[in-house]
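Let's take a walk through a protein together. Keep the sequence and the 3D view open, and follow along as we go.

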Amino acid sequence: MMRAMLAACGACAFALLAGCASVPPDTKLRGTGDLGVVVERATGSIQIIETTGRTRLATVTGLGDLSHASAVFSRDGRYVYVFGRDGGLTQVDLLTARMVRRIVQAGNSIGGAISQDGRVVAAQNYEPGGVRLFDAQTLEPLADIPATVGDGFRSKVVGLADLPGHRLAVSLFEAGQIWIIDIADPRHPQVERLDAGVQPYDALVTPDGRWYLAGLFGEDGLALVDLWGTPPAARKVLAGYGRGQEPLPVYKMPHLRGWAVAQDQVWLPAVGHHEVLVASIAKDWQEAGRVALLGQPVFAMARPDGRQVWVNFAFPDNGKVQVIDTATRQIIKTLSPCHGVLHMEFTPKADQVWLSCRDDDRVEIWDTEKLERIATLPASSPSGIFFTTRAQRFGM
């Protein structure tokens with residue numbers, strides 16, 4: 001009898017535990033690894049999407065002016081932080097599809113970063129020029145780092161990127177400087193100032209976190225910082241790449257965050273020229289070649305396996321995309337997917353690329369092997385596309 005009672009009690013306890021751990025039938029569990037967002041610049045909203053089924057899950061509105069918006073993700077991929085042109089910083093929960101917090105932290109902001117440990121969100125600002133640090137959980141202000149040079153003048157800040165060692169790097173456009181910012185104590189950041197060149201306008205960090213590379217709008221060449229150096233120092237590379245050529249009018253500045261690192265080489269859109277430059281990292285960043293293009297490149301983005309580089313263009317060629325084979329340095333396909341291709345984003349294992357088609361109010365999804373369109377999604381003037389896999393990469 002006692003054994004039977006114990007067995008019955010055990011069965012009841014197991015049932016209770018099972019009941020506590022059970023999931024209601026109408027609750028849908030979802031991982032964050034294949035989630036992402038599409039910025040809808042015309043409506044101040046973002047779409048939350050998933051790449052496995054290539055579907056739109058939800059739309060979150062009320063994010064302000066997203067005409068030059070960018071985004072970063074929390075370490076676990078659950079939250080996205082969206083930086084708006086109006087200075088807005090918005091935290092959105094991707095799993096519940098709701099706005100968690102929103103602040104207006106500046107007058108004109110063009111992007112941000114999240115720290116190596118995921119605890120600090122940083123915003124780079126045009127107006128007032130500088131960097132502001134916030135607690136990633138609460139958006140509480142932690143520090144204001146004015147980009148002050150000379151007699152109180154504040155420079156526009158661009159090229160903000162997170163680095164190993166709890167650091168950030170930024171470029172100061174008018175000041176011609178690169179700053180390395182130590183945020184180990186985010187309430188008391190420490191700044192190291194480097195001379196970079198004339199008008200650094202954007203930058204990237206290589207995937208290993210070693211090199212910070214800034215484009216120079218005011219001169220032929222780029223500024224390079226070896227972040228392993230003690231202390232770090234900036235130097236010029238690819239100087240005079242346009243020598244002997246008449247530069248063309250620049251209709252849209254190339255974006256360095258899209259500069260591609262593939263096959264131990266960096267593929268760089270040339271400012272004012274119809275070509276991509278190829279620099280060899282192994283050979284001290286010397287020029288290794290060029291690929292002629294049909295127009296002025298904006299983004300040059302590497303497929304995650306490094307075999308292809310996809311390039312989109314400024315007006316009047318912004319309805320085209322060219323695909324380069326990095327092994328042969330030949331253009332293997334010129335695509336005409338839609339009007340106004342603003343941005344591209346690859347799925348992490350390189351099977352898909354998503355294209356934002358601003359002027360056709362849709363997102364297109366292409367197979368990167370067959371170079372064929374496989375799906376479309378409606379979107380209102382889409383621009384930036386960002387996947388949660390960025391959370392695991394430096395400078396993204």
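Where is Lys 156 found? Look in the loop between strand S13 (153-154) and strand S14 (157-163); helices (H or I, at least four residues) and strands (E, at least two) are DSSP runs, numbered from the N terminus. Before going on, note that this is a predicted model, where local features need pLDDT of at least 70, side-chain atom pairs count only at pLDDT 80 or more, and totals for chains, interfaces and linings use all residues. Residues are numbered from 1 along each chain as its sequence is written, and side-chain values use heavy atoms, with hydrogens and water left out.

Back to Lys 156, which has a relative accessible area of 32% and is therefore partly exposed (buried means under 20% relative accessible area, exposed over 50%, partly exposed in between, with a 1.4 Å probe and protein chains only). Leaving aside residues up to four places away in sequence, Lys 156 touches Asn 125, Tyr 126, Ser 171, Leu 172, Phe 173 and Glu 174, where contact means heavy atoms within 4.5 Å. Tyr 201 is 45 residues from Lys 156 in sequence, yet their C-alpha atoms are 9.3 Å apart in space.

Now zoom out. The protein chain has one helix and 34 strands, and buried residues make up 54% of its 396 residues. Of the contacts with a separation of 6 or more, 43% link residues 24 or more positions apart.

What sits inside? The largest nonpolar core has 18 residues; such a core is a set of buried Ala, Val, Leu, Ile, Met, Phe, Trp, Tyr and Cys residues joined through side-chain atoms within 4.5 Å. Val 131, Leu 133, Leu 168, Val 170, Trp 179 and Ile 181 touch the most other members. Strands that each supply at least two residues of this core include strand S9 (120-127), strand S10 (130-135) and S14. Trp 179 also has contacts with Ile 145, Pro 146 and Glu 192, among others.

Rolling a probe the size of a water molecule over the atoms shows where empty space is left. The second largest pocket has a volume of about 550 Å³. Here a pocket is an open set of points on a 1 Å grid over the protein atoms alone, where a 1.4 Å probe fits, with protein on both sides within 12 Å along at least five of seven lines; lining residues have an atom within 4 Å of a point. Grid points are joined across faces, edges and corners, and a volume is the space filled by probe spheres set on the points. This pocket is lined by 24 residues, and Pro 207, Ala 302, Pro 304, Arg 393 and Met 396 lie nearest its centre.

Finally, check out some backbone details. The peptide bond from Glu 127 to Pro 128 is cis, with omega near -10°, and Pro 128 is in the loop between S9 and S10. Another cis peptide bond joins Thr 230 and Pro 231, with omega about -5°. Asp 284 isn't a glycine, but its phi is positive, about 55°. With a relative accessible area of 42%, Asp 284 is partly exposed. Arg 329 has a positive phi too, near 60°, and lies in the loop between strand S28 (321-325) and strand S29 (330-335).
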